[in-house]
Structure formats: structure tokens, C-alpha cells
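Reader: I am new to reading protein models. Can we go through one feature at a time?
Author: Gladly. Here is the model.

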Amino acid sequence: MLTTSSTLTRLVSVVAAALISIAPLVAPQISAYKPFTYFASTAYCAPSTTLSWNCGANCDANAGFAPVASGGDGASTQFWYVGYSAAQNSVIVAHQGTDTSQIEAIATDADAFQESLDPTLFPGISSSVEVHSGFANEQAKTATQILAAVRTAIAAHSATHVTIVGHSLGAAIALLDGVYLPLHIPGATFTTIGYGMPRVGNQAFANYVDAHLSLTHINNREDIVPIVPGRFLGYHHPSGEVHIQDSGAWVSCPGQDNTSSDCIVGDVPNIFDGHEGDHSGPYDGVKMGC
């Protein structure tokens with residue numbers, strides 16, 4: 001049985017190890033995310049404008065992008081688009097985040113029950129891997145359309161890499177696409193970049209993501225969205241957090257749900273300590289929205 005002293009010593013050691021592992025990002029590392037930040041922001045634009053790549057500043061920031069397909073109505077189905085970026089040498093898949101004016105999107109976020117992944121969409125994934133029911137339902141609405149569009153983009157541009165992006169609810173859908181697409185597209189590599197991403201699944205899901213995906217999820221200051229749904233409900237973030245601090249510094253937070261005060265879970269221990277206004281950014285100067 002551990003004494004109070006030994007328990008405290010172990011706790012201090014764990015905290016110290018987390019702090020030592022936290023590393024600041026330098027300017028070139030931060031700026032490398034900016035094209036993808038704009039791609040995520042562009043997902044808030046109407047499909048007609050992303051298909052023509054004529055959506056104003058967001059599209060202008062990634063001039064030369066070649067759209068392949070777009071869809072969604074922004075209400076019952078979030079906007080999405082797929083295309084190819086020669087500058088990034090990657091197919092891009094992007095999902096719209098929560099539009100608070102649309103009640104169906106809000107209801108999706110609130111539907112926090114967990115369920116196993118659909119074996120038709122996610123063959124071979126253990127039933128112990130469970131995810132947020134609302135996020136799973138939203139991803140399923142567009143999964144086959146996006147799969148077809150990604151295959152088209154890969155064939156048209158001889159692409160070998162796919163980057164999936166999104167903000168808020170869009171980040172959750174992007175993460176599920178990051179699990180889904182590699183199961184159906186052999187021979188390509190995949191990266192997922194999420195902004196203000198809520199927790200998506202249980203511990204088994206977080207472990208699966210860590211073992212199989214290349215994921216970065218970027219959290220801004222005291223954004224409350226990344227700390228929900230709560231860990232007390234059985235939700236866990238996978239590794240890959242980057243936290244933008246109040247100073248504007250970006251730091252890499254190793255591990256799952258790092259509790260250091262330099263990282264989102266430690267900085268925002270509950271929703272009352274967070275700021276809803278931080279959710280939309282800025283992320284290196286980019287505010288999410290069209």
C-alpha cells in the first residue's frame with residue numbers, strides 16, 4: 001500500500017515528466033499549419049463556392065486548389081468539399097464545423113451517447129472502439145460520397161497523400177474520416193488536422209487513433225469545446241494536441257488529455273473556466289468562418 005508521501009512523490013514525478021515533454025513550436029512549424037487552417041475555415045463556405053473555388057479570402061489563401069466535389073446543406077448535413085492542392089502535394093478533405101444558428105448541428109453535438117463503429121463503414125475495427133453517436137451519424141451521411149471523391153482526386157492527380165481537416169464538429173467528423181478512409185484506400189498516406197476538436201470516443205478509440213493515425217488537434221487558448229464531452233462520461237482525447245497559449249505561443253502537448261496547465265485540459269479544468277469566444281480562433285491570425 002502506497003503511503004501519502006510515496007503517492008505525492010509519484011504524482012510530482014508524473015507532472016514533472018509531462019512538463020519536461022511539452023515543447024514550444026517555432027515559427028516555421030506554426031506557419032506550416034496555416035494553409036490547412038484556411039482549408040478548415042473554407043469548409044464553412046457554401047458548396048457552390050467551394051466547387052468553383054470562389055469563396056473570397058479563404059479560397060484566395062490557397063489559390064491553385066483544384067476542387068473535385070462538394071456537398072451538404074449546412075443544416076441536416078454539414079458542408080464538405082474534396083479537392084487537390086498542388087502546393088501541399090495532397091488531396092484535401094474538409095468538413096464544416098457547428099453553425100450555432102442550425103439547431104440540428106447543435107443537437108448532433110449534444111447527442112453524447114457512445115456506440116460501436118458501423119462495421120460496414122469501418123470493417124475490422126473492434127466493437128470495443130466506441131464513439132460519440134451524433135458524430136458517427138454525421139460522418140456516415142457523407143462517408144461514401146467523400147470516399148468516391150477522394151478516389152477521383154487521387155486518380156486525377158496521381159496523389160499519394162490525403163489530408164483531412166475540420167473545425168469543431170468538422171474536426172470530429174474529420175477524425176472519423178481519418179479512421180474510415182485508410183480502411184478503403186490502400187497505398188495512400190493520411191494526415192488529420194483538427195481545430196477546436198471535441199472528444200470523439202472512448203479510451204479504446206483514442207488508443208486506436210494513436211496506433212494508426214497521424215493526428216494533430218489544435219486548441220486555442222481557453223476554448224471550452226475540446227474539454228467536452230467530459231472524461232467522466234468515458235471520453236478520451238487521442239495524442240497530438242497543440243495548444244495556443246494566451247501569450248500566442250504554440251506548444252506541443254504529448255500524450256492523451258495532458259493535464260499540464262500549458263495544455264487545454266489543465267488550462268480549462270471545467271467549462272466555467274473557458275471562453276466560448278476562443279473557439280473560432282484566431283489560429284495564427286485565422287478566424288474560422290466564411
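Reader: What radius of gyration would a compact globule of 290 residues have, and what does the chain have?
Author: This is a predicted model. A compact globule with 290 residues would come near 19 Å. The chain has 19 Å, so the two agree. Along its principal axes, the C-alpha trace spans about 65 × 40 × 40 Å.

Reader: How many helices and strands are in the chain?
Author: Ten helices and eleven strands.

Reader: What share of the residues is buried?
Author: Buried means under 20% relative accessible area. In this chain, 51% of the 290 residues are buried.

Reader: How many disulfides does a search of the whole structure find?
Author: A disulfide is a pair of cysteine sulfur atoms within 2.5 Å. The search finds three. Number the bonded cysteines in sequence order, and the pairing reads 1-6, 2-3, 4-5.

Reader: Which parts does the pair of Cys45 and Cys290 tie together?
Author: Cys45 sits in the loop between α3 and α4, and Cys290 in the segment after α10, so the link ties together parts 245 residues apart in sequence. Their sulfur atoms are 2.0 Å apart. Cys45 is buried, at 1% relative accessible area. Cys290 is exposed, at 60%.

Reader: Is the disulfide of Cys253 and Cys263 left-handed or right-handed?
Author: Look at the torsion about the S-S bond. Here it is about -100°, so this disulfide is left-handed. Cys253 lies in strand β11, and Cys263 in the loop between β11 and α10. The link of Cys55 and Cys59, with 115° about the S-S bond, is right-handed.

How values were computed: Residues numbered from 1 in each chain as written. Predicted model: local features only at pLDDT ≥ 70, side-chain atom pairs only at ≥ 80, totals over all residues. Heavy atoms only, no water. Helix = DSSP H or I, 4+ residues; strand = E, 2+ residues; numbered from the N terminus. Rg over C-alpha atoms; globule rule 2.2 N^0.38 Å. Buried < 20%, exposed > 50% of the residue type's maximum accessible area, 1.4 Å probe, protein only.
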